[in-house]
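Here is a short briefing on one protein model. Start with a single side chain, then step back to the whole fold.

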Amino acid sequence: MRVVKTKSERKKEILNAAKACFLEKGFAKTTMEDIISATSLSKGGFYHYYTNTTDILHDLMLEGITYRINIIHSMNLDNKEWDDDTVINILVDKILDESDLMSLYVIYLQATQRNQELRDLFSDLKRENQEMFAEHFGAQSQKMAPFYSDLILNLMNTVMLGSEVLGARESFRKNRSLFVSIMKTALEYAQEGKIVS
């Protein structure tokens, strides 16, 4: 008997297949055919959902934002006032995270070097991140505004790349307090208007 999947189940199947392909082959070397063959969908059925790998990667990046939001919800911070230390710890947890979605984000960052379309996607992801955090955390999410500066985002991305590409995550985790101090200094710079764009 053939199992009929809902649209959301089919889309999830595509995203899971794409994630596995991207993690195995990287973004540039993964083709639509690779992803289609990793699903139970026909080619026509597949193209009903996605027409290119960039759109799939975009949805996987949104999945990563949801993943981070769920982690914050699990910290029971929903009804508490976020102070600077809370926000800094949320962000340090993010940059030192070890998950398939973090690995995928690093693959995305690496692929932006040679793909203008992916570079252009970065500003959309930044905006979508802010919108999703505002939807889930309301006014609390405004405490993160200074961390959306290009300088601080580049600093965070550099640590994520080093964790993944250079295998430095364990060393970074052992020295977590250094990253907390760095983020506190970055926040002070932002609050004092010292960050140069």
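K184 is partly exposed, with a relative accessible area of 34%. Partly exposed sits between buried (under 20% relative accessible area) and exposed (over 50%), using a 1.4 Å probe and protein chains only. This is a predicted model: local features need pLDDT of at least 70, side-chain atom pairs count only at pLDDT 80 or more, and totals for chains, interfaces and linings use all residues. Residues are numbered from 1 along each chain as its sequence is written, and side-chain values use heavy atoms, leaving out hydrogens and water.

**K184 and its partner**

- K184 belongs to helix α10, residues 176-191. Helices (H or I, at least four residues) and strands (E, at least two) are DSSP runs, numbered from the N terminus.
- Leaving aside residues up to four places away in sequence, K184 touches D85 and I88. A contact means heavy atoms within 4.5 Å.
- L23 is another matter: 161 residues separate it from K184 in sequence, and 33 Å in space, C-alpha to C-alpha.
- Which residue forms a salt bridge with K184? D85 does, with the closest N and O atoms 3.5 Å apart.
- D85 lies in helix α5 (residues 84-95) and K184 in helix α10, so the pair ties together parts that are 99 residues apart in sequence.
- D85 is partly exposed too, at a relative accessible area of 39%.

**Other salt bridges**

- Side chains of opposite charge can pair when their charged atoms come close.
- The whole structure holds 15 salt bridges. Each is a side-chain nitrogen of Lys or Arg within 4 Å of a carboxyl oxygen of Asp or Glu.
- K126 pairs with D150, the closest N and O atoms being 3.5 Å apart. This pair links distant parts of the chain: K126 is in helix α7 (residues 116-137), D150 is in helix α8 (residues 150-165), and they are 24 residues apart.
- K126 is partly exposed at 23% relative accessibility, while D150 is exposed at 52%.
- E192 forms a salt bridge with K194, and here the closest N and O atoms are 2.9 Å apart.

**Helix α6**

- Helix α6 covers residues 100-111 and has 12 residues. Its first and last C-alpha atoms are 16 Å apart, close to the 16 Å expected at 1.5 Å a residue. The expected span is 1.5 Å times one less than the number of residues.
- Is α6 largely enclosed or open? It is largely enclosed by the rest of the structure, because 10 of its 12 residues are buried.
- Among those buried residues are L101, M102 and Y105.
- The buried residues of α6 pack against α1 (7-25), α4 (53-74), α5, α7, α8 and α9 (169-174).

**The whole protein**

- How many helices does the protein have? It has 10 helices and zero strands.
- Its C-alpha trace spans about 60 × 35 × 30 Å along the principal axes.
- Buried residues make up 44% of the 197 residues.
- Of the contacts with a separation of 6 or more, 71% join residues 24 or more positions apart.
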